[in-house]
Amino acid sequence: MTRPFLSVENLVVHFPTPDGVVRATDGLSYTVEPGKTLGIVGESGSGKSVSSSAILGLHRNTSAQVSGRIWLNDIDLLTLSDKEMQARRGKDVAMIFQDPLSALHPYYTIGDQVAEAYRVHNKVSKKAARDRAIEMLDRVGIPNPQLRVDDYPHQFSGGMRQRAMIAMALINDPQLLIADEPTTALDVTVQAQILDLLQDLQREFNTALIMITHDLGVIAEVADDVLVMYAGRAVEYGTTKQLLTAPAMPYTLGLIQSVPDLSSDVNEPLRPIPGNPPSLLDPPSGCAFAPRCTFKHLVADNLPDTVMPELEEIAPGHLRRCHLTEHDLSKLTPKPAEEVEVV
Amino acid sequence: MSTPLLEVKDLTMHFPIRSRGLIPRTVGHVPAVDGVSFSIGAGEALGLVGESGSGKSTTGRLITRLHEPTSGQIIFDGQDIAGWTPRQLKPLRRDIQMIFQDPYTSLNPRHTVGEIIGAPLEIHKLVPKQGRLRRVQELLEIVGLNPEHYNRYPHEFSGGQRQRIGIARALTMQPRLLVADEPVSALDVSIQAQIINLMKDLQKEFNIAFLFIAHDLAIVRHFCPQIAVMYKGKIVENAPREELYTNPQHGYTRSLLSAVPDMRQAVVGGRRERIRYTGKEEVVTTTER
Ligand SMILES: Nc1ncnc2c1ncn2[C@@H]1O[C@H](COP(=O)(O)OP(=O)(O)OP(=O)(O)O)[C@@H](O)[C@H]1O
Ligand SMILES: Nc1ncnc2c1ncn2[C@@H]1O[C@H](COP(=O)(O)OP(=O)(O)OP(=O)(O)O)[C@@H](O)[C@H]1O
Ligand SMILES: [Mg+2]
Ligand SMILES: [Mg+2]
């Protein structure tokens with residue numbers, strides 16, 4: 001059997017701290033094929049960035065404990081040396097980082113940094129790399145790129161910095177692109193332009209894309225499959241349509257119901273999931289979501305508080321981690337806000 | 001009509017563009033903010049949306065006087081603070097607070113979360129020393145962080161967690177005007193909803209006025225009864241929310257509204273019309289999903 005293009009298997013990333021071990025990612029598995037987009041959503045702090053940075057080998061083994069397997073084209077990236085990983089980073093595998101400012105160096109111009117990303121992996125003249133940088137800045141919609149190429153990061157607006165990062169990540173036409181909240185700082189018109197650009201790139205180079213975003217609208221527009229993370233683990237995994245129209249566990253439902261749209265009643269408060277995510281230092285022994293779950297009373301024997309549910313397949317390609325029975329699932333259909341029962 | 005808490009008149013900010021080389025020369029200007037006027041009453045919320053790079057953050061930074069404007073007036077509580085010196089501004093720092101767009105660089109990496117949030121309490125002697133730890137832990141809880149986070153450093157937090165630290169810090173001061181620059185865009189949807197509800201409650205309780213900068217049009221609509229649209233340094237439209245969303249007057253506003261991704265619509269599929277505004281005309285494209 002051939003392996004998927006990217007296969008993350010049982011990935012664990014732990015950070016030892018003076019207060020204890022932070023279990024940022026705990027046994028995460030998923031696959032992505034060329035030309036496809038996997039969306040990753042989940043609570044802030046649920047391990048989306050930490051698990052994705054592991055694919056690029058970005059965790060220092062002095063501060064993080066990483067285990068599991070990350071197969072890319074039959075090579076386990078976790079077994080590569082730093083040098084071997086460096087040769088791939090930014091070329092085969094690229095990442096658009098969530099925080100443009102810490103990924104951009106304040107003392108070098110935008111142009112130098114974008115060009116450098118190209119020169120590292122291509123034997124080209126300075127002039128050629130600069131031209132390529134200007135071309136990329138133009139493609140991500142920076143106005144007057146010939147002029148702005150010499151700006152320093154602080155002279156760019158938040159959204160312009162984010163686009164500079166995107167230009168950097170795309171400059172070598174990577175096979176696998178991890179986009180960590182690539183459009184959070186962008187207005188919706190530029191966002192639409194960037195999403196189009198990513199999809200063009202995907203069509204042209206058959207790029208596999210991992211799109212981390214909390215914007216379910218973006219997920220609905222671009223993702224083929226979606227992975228929902230909670231407290232360092234996958235809690236639901238399926239096609240975009242399965243997840244958004246028939247969520248199979250209460251956390252996913254809660255996310256969907258938190259989102260206002262352009263016709264919701266402005267006098268009603270929004271409907272967040274009650275409570276806060278658990279501490280990753282001392283995660284609950286049962287279902288990590290149980291303390292906030294408004295459906296757990298439907299499950300007998302206090303199971304959610306004591307036993308962690310396994311990830312199980314409930315329909316072809318649709319997995320979820322939840323104690324609720326198939327029968328209870330009918331109660332999870334997304335409804336207009338006023339009809340949702342809150343316990 | 002009573003005088004507004006904040007009135008901005010013809011505000012302008014031109015950043016110099018310098019040439020590279022040993023002796024940099026000014027070779028031009030970026031007109032980041034170009035004759036902007038608006039007002040916000042006490043306890044009210046004005047939304048500011050617009051193109052990336054259109055000058056929203058700069059407008060916010062001018063009002064909090066992190067920049068000195070090239071020209072124009074910033075009348076806060078009856079006084080024009082546009083030309084004030086840092087010393088004159090000092091007593092105002094409590095009243096006007098800002099939540100920054102970038103949660104990564106706005107927090108000092110060498111200070112613990114407790115110190116970051118507690119510092120304003122100390123500087124302005126708001127809470128006696130013994131009460132400070134408790135107050136900071138309370139604030140952490142208000143923004144949905146664990147009190148155990150008190151002794152941790154910013155790099156140990158995810159993007160959304162850092163943003164909440166910034167919000168807690170701004171709230172410690174109980175400001176009269178809060179410039180919130182994309183306060184929830186780094187947060188997941190559930191925490192977004194929590195923070196928005198929280199800010200609405202605090203707004204009512206403490207009568208805080210907001211300049212709320214955001215690009216999520218559904219969130220802006222929810223939070224702000226009045227919304228201004230910025231395009232290339234200018235406010236091109238300023239209208240009550242119902243009017244703006246049902247009857248947008250400017251081409252750029254129409255293009256914005258057409259680009260909002262709609263989760264509920266996208267999974268169903270179908271035609272989608274998008275308007276692109278070129279500065280002169282509106283170009284409509286239709287795609288099938
Ligand atoms: N260097 C570190 N040391 C200790 N804990 C860390 C470190 N880096 C991250 N963490 C913790 O790991 C968890 C996962 O962080 P991660 O950045 O992956 O979250 P995320 O899902 O990307 O969230 P967001 O949506 O807010 O970006 C968080 O609880 C964070 O506090
Ligand atoms: N310190 C600075 N020096 C030079 N130019 C600057 C500086 N700060 C901002 N600018 C420029 O001013 C313009 C407006 O920037 P601003 O950050 O206000 O935009 P914005 O509307 O907040 O955009 P975004 O939605 O992307 O955050 C941009 O062209 C930007 O490059
Ligand atoms: Mg993250
Ligand atoms: Mg900005």
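I began with the domain assignment of chain A, which gives domain 1 (1–92 + 174–343) and domain 2 (101–170). These bounds come from an automatic or database domain assignment. I noted that this is a predicted model, where local features need pLDDT of at least 70, side-chain atom pairs count only at pLDDT 80 or more, and totals for chains, interfaces and linings use all residues. Residues are numbered from 1 along each chain as its sequence is written, chains are lettered from A and ligands numbered from 1 in the order in which they are written, and side-chain values use heavy atoms, with hydrogens and water left out.

**Entry 1: domain 1 against domain 2, chain A**

I looked up the C-alpha centres of domain 1 and domain 2 of chain A; they are 30 Å apart. Domain 1 of chain A brings 19 residues to the contact and domain 2 of chain A brings 11. Contact here means heavy atoms within 4.5 Å.

Next I took the buried area, which is the accessible area (1.4 Å probe) that two parts lose on being put together, summed over both. For the two domains of chain A it is about 1,200 Å², with 63% on carbon and sulfur atoms.

I then checked for salt bridges (a side-chain nitrogen of Lys or Arg within 4 Å of a carboxyl oxygen of Asp or Glu). The count between the two domains of chain A is 0. Polar contacts join 4 residue pairs there, both residues at pLDDT 80 or more. A polar contact is a pair of N or O atoms within 3.5 Å; within protein, one must be able to donate a hydrogen and the other to accept it, and residues adjacent in sequence count only if both atoms are side-chain atoms.

Which elements supply at least two residues each to the side of domain 1 of chain A that touches domain 2 of chain A? They are α2 (82–88) and α8 (188–205) of chain A. The largest share, 6 residues, comes from α8(A). Helices (H or I, at least four residues) and strands (E, at least two) are DSSP runs, numbered from the N terminus. I sorted that side of domain 1 of chain A into 11 nonpolar, 5 polar and 3 charged residues. Ala, Val, Leu, Ile, Met, Phe, Trp, Tyr, Cys and Pro count as nonpolar, Asp, Glu, Lys and Arg as charged, and the others, Gly among them, as polar.

**Entry 2: chain A against chain B**

I found 64 residues of chain A in contact with 58 of chain B. The two chains bury about 4,900 Å² between them, 56% of it on carbon and sulfur atoms. In chain A, A:Val188, A:Leu262 and A:Val266 lose the most area to chain B, together 14% of what that side buries.

The chains share 1 salt bridge. B:Arg274 and A:Asp196 meet in a salt bridge through their side chains, at 2.4 Å from N to O.

**Entry 3: strands of chain B**

I traced an open, antiparallel sheet of 4 strands in chain B, in the order β2-β1-β4-β5. Two strands pair if DSSP finds at least two bridges between them. Strands β1 (6–18) and β4 (71–76) of chain B pair over 5 bridges. B:Thr12 has B:Ser71 in β4(B) as its bridge partner.

Last, I looked at β9 (226–231) and β10 (234–240) of chain B, antiparallel over 6 bridges. They form a hairpin with 2 residues between them, and B:Lys232 in the turn has a positive phi of about 50°.
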